Amino acid sequence: MTSTLDPRRKRSTVVRPGDRIFSGLSTSAGILILLVLAGVAAFLTIEGIPGITASPDEVKSGQSFLPYVWPLVYGTLLAATIALIISVPVAIGVALFISHYSPRKLGQVLGYLIDLLAAVPSVVYGLWGIGFLAPNMAPIYRWLEGNLGFIPFFAGPASATGRTIMTASVVLAVMILPIMTAICREIFLQTPRLHEEAALALGATRWEMARMAIFPYARSGIVSAAMLGLGRALGETLAVAMVLSVSAGTVTANLISSTNPSTIAANIALSFGEASGKTVNVLIASGLVLFVITFLVNFAARAIVDRRKDFSGAN
Amino acid sequence: MAKSIDVSDLNIYYGDFLAVEDVTIPIAAKSVTAFIGPSGCGKSTFLRSLNRMHEVIRGARVEGKVLIDGQDLYGSDMDPVNVRRMIGMVFQRPNPFPTMSIYDNVLAGQKLNSKRMKKSESDDIVERSLRSAGLWAEVKDRLDRPGSGLSGGQQQRLCIARAISVEPEVLLMDEPCSALDPISTSVIEDLIHELKTQYTIVIVTHNMQQAARVSDETAFFNLSGVGKPGRLIEVGRTQSIFSNPQDPATEAYIQGRFG
């Protein structure tokens, strides 16, 4: 009996083969993810560096890397930001309606329809953007130019085709809506009944209850949802490439004209086919920039979520 | 402040299911009334019908009358939101808002009334409410910390402070001590004694000793079987209910023979 009390001797635990296999599997799955990520990063860096250092006369655009990539970065961030501004309030509203306002049956049907939106391929969104949205937005842009032209965003001249960065952003907003709505809905449904009742018992209306109990509880979830949406909007290629009418090198606050900055992803897709030599490296380097931006966005989201950890409701 | 409640012939339904049948009970102002009875006898449901919180569940409705100082709680001109602002409630499990500081938790009800308040004014309300709830000394140095960092008993007193910060007419307590240890329980019971000088208090409890300790009046609820509606069996001065119950079921329950 004394030997079991000896602190130097490790107490042996039973090792079951099932435990070992499972822990081995899950560890290797985790390592695999890291390897893939490292592989992608290494590829982008190694192939991208010649593009970054390439002299202007070696590449098709005739520009050195920074002046070349800056308008693309600007276009990417602008389109994604506008999409997010449009999409977040709608997603929260729809999710709140499904989770707390609608009759249960209607909520289920609506939730199902929203999920279906996520299954639509992006080329279809692109077609919809060109064929329907753009022509229908054109008159709105003319009106904006006429009446709100003093705001730099709507300075004009309004695009006749409607294929503006604004239209592209609306398409993106629709594309990122399903994932954000789905996440918000799940989080809203998880709000503890206890907190909802606490608010109601104080005499809160349903909207006040949402503001008092649901939104604070769901805050980190909403941020995560927005970041997932933003990630998709930043990387979305085909729909933007189809919808947007691009003028290379544009940096403008004007959202409704026919001279628009392209986005990194769309630019890669459109230029890659006819690229050769150092131009390919430049495109890969722009991909590296997109990769870094996405990373930073995720870190920022994590920081926002962590900032008020004490108040998160998880303790 | 502190109004009386008059309930007559109240039936409470969830959909088609009759949960509580035919309750008639007068509740005096500035008194403590305890509801006791076995699980599922409808005492919590009845309590929640006193501030229309049972309506949170879909399909819930009532027949009969609940008068607060003569004012019909279920009158067509009564908004449940206003009813709940007038009649505060403390729940079984402490439920301070986890995302708010202690300070903001106390003021949560005031914010709903959307009165613009000066800082000094809200400071006063927070201090007064926390003092009444017997929590001031323990938290006055950390009002900006989250309410969820307090102990269970402190959280429950915070909830009481939150409920009384809006100076309700009536305070309903749904088993406020069932999740607490004996010491926290006795603190809350002392608090109930102090609060009844200002508020009409109705408390549901599973603990008969607690009912005997804190209440002036006791009402015994029972149900005749599973799926049958709960009924009010008898109500009277706490002393006489415990020493000389009229109904054999009451006697059996308080002697611990069932429940």
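This is a predicted model: local features need pLDDT of at least 70, side-chain atom pairs count only at pLDDT 80 or more; totals for chains, interfaces and linings use all residues.
Of its 13 residues, 12 are buried, so α6(B) is largely enclosed by the rest of the structure. The buried set runs through G153(B), Q154(B), Q155(B), Q156(B), R157(B), L158(B), C159(B), I160(B), A161(B), R162(B), A163(B) and I164(B). Their cover is drawn from chain B and includes the strands β6 (87-90) and β7 (170-174). Helices contribute to this cover as well, including α3 (102-112), α4 (119-132), α5 (136-139) and α7 (182-195) of chain B.

Two of these covering helices, α3(B) and α4(B), also meet one another. Two packed helices are described by the angle between their axes and the distance between the axes. For α3(B) and α4(B), the axes come within 10 Å and cross at roughly 105°. On the α3(B) side, the residues involved are Y103(B), V106(B), L107(B) and Q110(B). Their partners in α4(B) are S122(B), I125(B), V126(B), S129(B) and L130(B). By class, this contact has six nonpolar and three polar residues, with no charged ones.

Most residues other than glycine have a negative phi. K30(B), in contrast, has a positive phi near 50°, and its place is in the loop between β2 (17-27) and β3 (32-36) of chain B. With 16 other C-beta atoms within 10 Å, K30(B) is partly exposed. D69(B), likewise not a glycine, has a positive phi of about 50°. This residue sits in the loop between β4 (60-68) and β5 (71-72) of chain B, and it is partly exposed, with 13 other C-beta atoms within 10 Å.

As for confidence, the average pLDDT of chain B is 89, and 98% of the residues score at least 70. For the complex, the predictor gives an ipTM of 0.88 and a pTM of 0.82.

Where the two chains meet, 19 residues of chain A are in contact with 19 residues of chain B. On the side of chain A that touches chain B, α7 (193-201) and α8 (206-235) of chain A each supply at least two residues. The largest share of that side, six residues, comes from α7(A). Sorted by class, the residues on the chain A side divide into 11 nonpolar, five polar and three charged.

V69(A) lies in helix α3 (residues 65-101) of chain A and is buried, with 24 other C-beta atoms within 10 Å. Although V69(A) and A285(A) are 216 residues apart along the chain, their C-alpha atoms are separated by 8.9 Å. Leaving aside its neighbours within four places in sequence, V69(A) is in contact with S286(A) and V289(A).

D115(A) belongs to helix α4 (residues 104-119) of chain A. With 14 C-beta neighbours inside 10 Å, D115(A) counts as partly exposed. Its contacts, again setting aside neighbours within four places in sequence, are with P178(A) and A182(A). D115(A) and L144(A), 29 residues apart in sequence, are 33 Å apart in space, C-alpha to C-alpha.

Methods. Residues are numbered from 1 along each chain as its sequence is written. Chains are lettered from A and ligands numbered from 1 in the order in which they are written. A residue is buried if 20 or more other C-beta atoms lie within 10 Å of its own, exposed if 12 or fewer, and partly exposed in between; C-beta atoms are placed from the backbone. Helices (H or I, at least four residues) and strands (E, at least two) are DSSP runs, numbered from the N terminus. Two residues are in contact if their C-beta atoms, placed from the backbone, lie within 7 Å. Ala, Val, Leu, Ile, Met, Phe, Trp, Tyr, Cys and Pro count as nonpolar, Asp, Glu, Lys and Arg as charged, and the others, Gly among them, as polar. pLDDT is the predictor's confidence in each residue, from 0 to 100. Axes are lines fitted to C-alpha atoms, for helices over the stretch in contact, and angles run from 0 to 180 degrees between N-to-C directions.
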